[in-house]
Amino acid sequence: MDGIKEQGSVKSGDIQCLTIVGQIEGHQLLPEDAKTTKYEHVLPLIAAVEESDSIKGLLILLNTIGGDVEAGLAIAELIAGMKKPTVSLVLGGGHSIGVPLAVAAKRSLIAPSAAMTVHPVRINGVVIGVPQTYEYFSRIQERIVGFVTAHSRVTREEYLKLMTNTDELANDVGSVIYGEEAVSRGIIDAVGTLSDALEFLHGK
């Protein structure tokens, strides 16, 4: 987490930048070569930003490729609960759990060339389960849908439609939506860049 220097009346350190990239690692171990964001390290940083008198806002840069759903939701809930101005900027991709993270901020932006992938909750490999297993995944998915629809303009029906689309992804279910479409569907507030994100934070 780095301070950002800005010209004018805003001093160095007034705005803090949090980068969430790659897979979000929770309690499950990932290969050493996987680029991960460890949620147990991120949570105290977010709390410190909220508590600090010298930090006026938080910029969240996102380029995720999925990861631990519970860890991602924990980070998203903490961001959503902040009183200080927050802006998320999706760069490259916002895969899976990246959607709740993006909408958790008070203002969400997506770069013109960035994409967001929306799909159902699943795990890799073959699962031999009982009814309780399916109920567990259903409840996790409902938590994600509920969070996204509560913190954006997308409707539940629209989000579920994107999540269960069978016509777009090869050998998979879901949708890939790009900058303008993410805005038109109500998931992201606006297409924007770094300067737009900083302008919002400085204006608060």
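The buried residues of helix α7 are covered by elements that include β2 (15-25), β4 (57-67), β5 and β6 (107-110). Here buried means under 20% relative accessible area, exposed over 50% and partly exposed in between, with a 1.4 Å probe and protein chains only. Helices (H or I, at least four residues) and strands (E, at least two) are DSSP runs numbered from the N terminus. Helix α7 itself spans residues 194-202, and its buried residues are Ala 197, Leu 198 and Leu 201. These three sit on the same side of α7, because they cover an arc of only 95 degrees around the axis; the arc is that of the directions from the helix axis to the C-beta atoms.

The structure is a predicted model, in which local features need pLDDT of at least 70 and side-chain atom pairs count only at pLDDT 80 or more, whereas totals for chains, interfaces and linings use all residues. Residues are numbered from 1 along each chain as its sequence is written, and side-chain values use heavy atoms, with hydrogens and water left out. The pLDDT, the predictor's confidence in each residue from 0 to 100, has a mean of 83 over the protein chain, and 78% of the residues reach 70 or more. Over residues 1-10, however, the pLDDT is below 50, although this stretch has 21 contacts in the model beyond near neighbours in sequence; a contact means heavy atoms within 4.5 Å. Where pLDDT is low, the predicted coordinates should not be read in detail.

On the scale of the whole chain, the secondary structure comes to 7 helices and 9 strands. Of the 204 residues, 47% count as buried. Among contacts between residues at least 6 apart in sequence, 66% join residues at least 24 apart.

Strand β5 (residues 86-95) brings us to Thr 86, which counts as buried because its relative accessibility is 0%. The side chain of Thr 86 reaches the backbone nitrogen of Lys 106 at 2.9 Å. Leaving out residues up to four places away in sequence, Thr 86 touches Leu 58, Ile 60, Ala 105, Lys 106, Arg 107, Phe 200 and Leu 201. Leu 201 is also one of the buried residues of α7.

Helix α3 (residues 98-104) holds Gly 98 as well as Ala 104. Gly 98 is buried at 1% relative accessibility, and its contacts, apart from neighbours within four places in sequence, are with Leu 62, Thr 64 and Met 116. Ala 104 is likewise buried, with a relative accessible area of 5%. Not counting residues up to four places away, Ala 104 touches Ala 76, Ile 79, Ala 80 and Phe 147.

Helices α1 (residues 39-51) and α2 (residues 69-80) pack at an angle of about 5 degrees, with their axes 10 Å apart. They are therefore roughly parallel to each other, a term for angles under 35 degrees. In this packing, Tyr 39, Val 42, Leu 43 and Ile 46 of α1 meet Ala 71, Ala 74, Ile 75, Leu 78 and Ile 79 of α2.

Helix α5 (residues 156-163) has Tyr 159, Leu 162 and Met 163 as its buried residues. They lie on the same side of α5, because their arc around the axis is only 100 degrees. On the other side of α5, Glu 157 and Lys 161 are exposed.

Notes. A polar contact is a pair of N or O atoms within 3.5 Å; within protein, one must be able to donate a hydrogen and the other to accept it, and residues adjacent in sequence count only if both atoms are side-chain atoms. Axes are lines fitted to C-alpha atoms, for helices over the stretch in contact, and angles run from 0 to 180 degrees between N-to-C directions. Angles under 35 degrees count as roughly parallel, over 145 as roughly antiparallel, 65 to 115 as roughly perpendicular and the rest as oblique.
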